[in-house]
Amino acid sequence: MDLLLPLLLVALLIPMFLGVRRQKREMSKVTEMQDSLKVGDRVVTTSGLFGTVVELDDTTVDLEIAEEVVTTWLRQSIREVRNDDDATEDTTAETTEAASSNGVADDHVAAPEAADDAPRLTKD
């Protein structure tokens, strides 16, 4: 009975210790990735914005998010670096999901239907 309290404490402290170690290891990986950024890398920010690195500073990163549209972000806001394989897998998955949600087979993508009865804008 006297060993019950120390065993409970050990049983609770070991998972906490392992969790902290895992979290530190993940943080070091993210920091290493943010330090190894280079111009031309395709990245995703913590807010989900996709962009390409066009300029680097010690604390900031300039991302091109569209043609001729460059925004400045803190280096810590970069969540991941995407390679070309990730991008092609995502576009393939999106195309497959869109086709299956329309009830169309994977090899045929439905063309958008023309709306003849849509209102037309006229200049008065």
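Glu 68 is exposed, with a relative accessible area of 70% (exposed means over 50%, buried under 20% and partly exposed in between, with a 1.4 Å probe and protein chains only). The model is predicted, with local features requiring pLDDT of at least 70, side-chain atom pairs counted only at pLDDT 80 or more, and totals for chains, interfaces and linings taken over all residues. Residues are numbered from 1 along each chain as its sequence is written, and side-chain values use heavy atoms, leaving out hydrogens and water.

Glu 68 sits in the loop between β3 (60–66) and β4 (69–74), strands being DSSP runs of E with at least two residues and helices runs of H or I with at least four, numbered from the N terminus. Although not a glycine, Glu 68 has a positive phi of about 65°. Most residues other than glycine have a negative phi.

Both strands belong to an open sheet of five, ordered β4-β3-β2-β1-β5 with antiparallel pairing (two strands pair if DSSP finds at least two bridges between them). β4 and β5 (78–82) form the edges, each pairing on one side only. Within the sheet, β2 (residues 50–56) is joined to β3 by four bridges, and Val 53 stands opposite Leu 63 in β3.

Turning to the helix, Leu 9 is located in α1 (residues 4–35). Leu 9 counts as partly exposed because its relative accessibility is 46%. Together with Leu 5, Leu 13 and Met 16, Leu 9 makes a nonpolar surface patch of about 430 Å².

Note on methods:
Patches are made of residues with over 30% relative accessible area and no salt bridge: like charges are joined within 9 Å, nonpolar side chains (Val, Leu, Ile, Met, Phe, Trp, Tyr) within 5 Å. Accessible areas come from the Shrake-Rupley method with a 1.4 Å probe; for residues, only the protein chains shown count as cover. A salt bridge is a side-chain nitrogen of Lys or Arg within 4 Å of a carboxyl oxygen of Asp or Glu.
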